[in-house]
Amino acid sequence: MSSVYQNLANEYYVGQIHISPNIVLAPMVGVTDSVFRRTILSLGGCGLVSSEMTNAASVSPRARSRHNQLEFMPEERPITMQLSGNDPDLVASAAKTVEQLGADILDINCGCPSPKVTGGGHGSALLKDLGKMEALIKAVIAAVQIPVTLKYRAGWDDNSLNYLDTARMAEAAGIKALALHPRTRAQLYTGTADWSRVREVREVVKIPVLGSGDVKDAAEALRRLEVYNASGIMIGRGAMENPWIFMQIAQLRRGEAMFEPQPSDKCEFMLRYLDMMIEDAGERMALNKIKQLIGQFGVELPYSAKLRETVHRADSVGAARSHIEAFFEPYMTVQA
Ligand SMILES: Cc1cc2nc3c(=O)[nH]c(=O)nc-3n(C[C@H](O)[C@H](O)[C@H](O)COP(=O)(O)O)c2cc1C
């Protein structure tokens with residue numbers, strides 16, 4: 001079937017690493033762990049996944065015994081692991097560890113707006129000191145063989161927009177791809193992401209430039225690829241609400257009818273996530289995670305507040321599972 005989208009770029013390279021399709025899962029702390037990444041990958045259409053942002057001070061074997069942020073399964077490859085930090089030696093040493101753990105790509109976070117992160121001079125705080133960011137980037141690139149990428153914001157605030165200077169500096173320092181979330185740090189997650197900035201960055205560097213921010217449906221993703229000439233699209237919150245978005249983008253691109261998830265698909269997705277989480281991390285963690293994510297997973301469902309409330313009250317994974325099944329029960333009957 002022919003499609004108006006068939007001429008749009010569908011791949012890019014990070015150094016030697018081929019990424020196809022060019023629609024990728026955005027890193028999200030607390031969300032994009034191995035279980036979430038594998039559930040997304042199993043649905044199809046996602047070209048690259050990333051670890052959650054991990055503080056460079058937390059990658060030693062001892063620190064890793066207390067978290068699972070850098071664990072992954074072979075079927076997740078190619079995989080990016082993202083580090084935050086601001087001490088070039090520390091981040092470079094953490095990058096070496098991450099390379100030894102098997103990461104295909106190392107990403108440096110210069111976008112996180114959380115006060116806990118910026119307070120330590122990490123994340124988007126580095127946008128205030130491009131000299132420091134450059135020293136960090138160079139130290140990391142010198143320490144590893146794998147390609148290094150940068151995810152960043154448009155600037156600290158509207159008075160210090162430096163996304164073009166950052167892009168030029170990063171490319172000259174050896175960064176192999178950029179992902180721009182075109183909000184400022186001051187915006188946090190308010191307002192909208194100004195994607196015209198993605199197009200501007202594309203015009204000043206030769207390396208791939210991905211855009212990240214506010215992509216919630218398949219047509220919108222392809223429109224942004226086209227209008228803003230992005231090398232690829234990162235999807236974060238949209239993937240929690242609709243994990244089929246990657247698959248739908250691939251279908252739309254091919255001119256096929258898009259899969260329309262039914263309540264039964266959503267129910268199955270939540271239960272599969274819960275089961276995989278139990279297997280991977282145990283019942284306690286699985287219960288915590290499903291409580292944390294149920295609101296986002298169910299955001300488009302009618303009466304989703306009820307689902308959230310009941311799951312939040314669950315005192316065991318068994319109870320959480322029963323609440324999910326009970327919530328979807330009426331929809332299942334209607335469909336049958
Ligand atoms: C819960 C949450 C956690 C996030 N954690 C990270 C992170 O670990 N690293 C990062 O670079 N960006 C992080 N982000 C930012 C996203 O990667 C993305 O750039 C941003 O949410 C905009 O895209 P979206 O509208 O598709 O979600 C996070 C965003 C959210 C909502």
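Me: Which residues have the most contacts inside the largest nonpolar core?
Reply: Leu-106, Val-140, Leu-178 and Ile-235 do, in a core of 96 residues. Such a core is a set of buried Ala, Val, Leu, Ile, Met, Phe, Trp, Tyr and Cys residues joined through C-beta atoms within 7 Å. Buried means 20 or more other C-beta atoms within 10 Å of a residue's own, exposed 12 or fewer, and partly exposed in between, with C-beta atoms placed from the backbone. This is a predicted model: local features need pLDDT of at least 70, side-chain atom pairs count only at pLDDT 80 or more, and totals for chains, interfaces and linings use all residues. Residues are numbered from 1 along each chain as its sequence is written.

Me: Which domains does this core draw on?
Reply: At least three residues come from each of domain 1 (12-254) and domain 2 (263-335). The domain bounds come from an automatic or database domain assignment.

Me: Moving on, where is there a cis peptide bond with omega about 0°?
Reply: Ser-20 and Pro-21 are joined by one. The bond from Arg-77 to Pro-78 is also cis, with omega near 0°.

Me: And Leu-188, buried or exposed?
Reply: Leu-188 counts as exposed because it has 12 C-beta neighbours inside 10 Å. Its phi is near 50°, a positive value in a residue other than glycine.

Me: What about phi of Tyr-303?
Reply: Tyr-303 has phi near 60°, again positive in a non-glycine residue. With 10 C-beta neighbours inside 10 Å, Tyr-303 counts as exposed.
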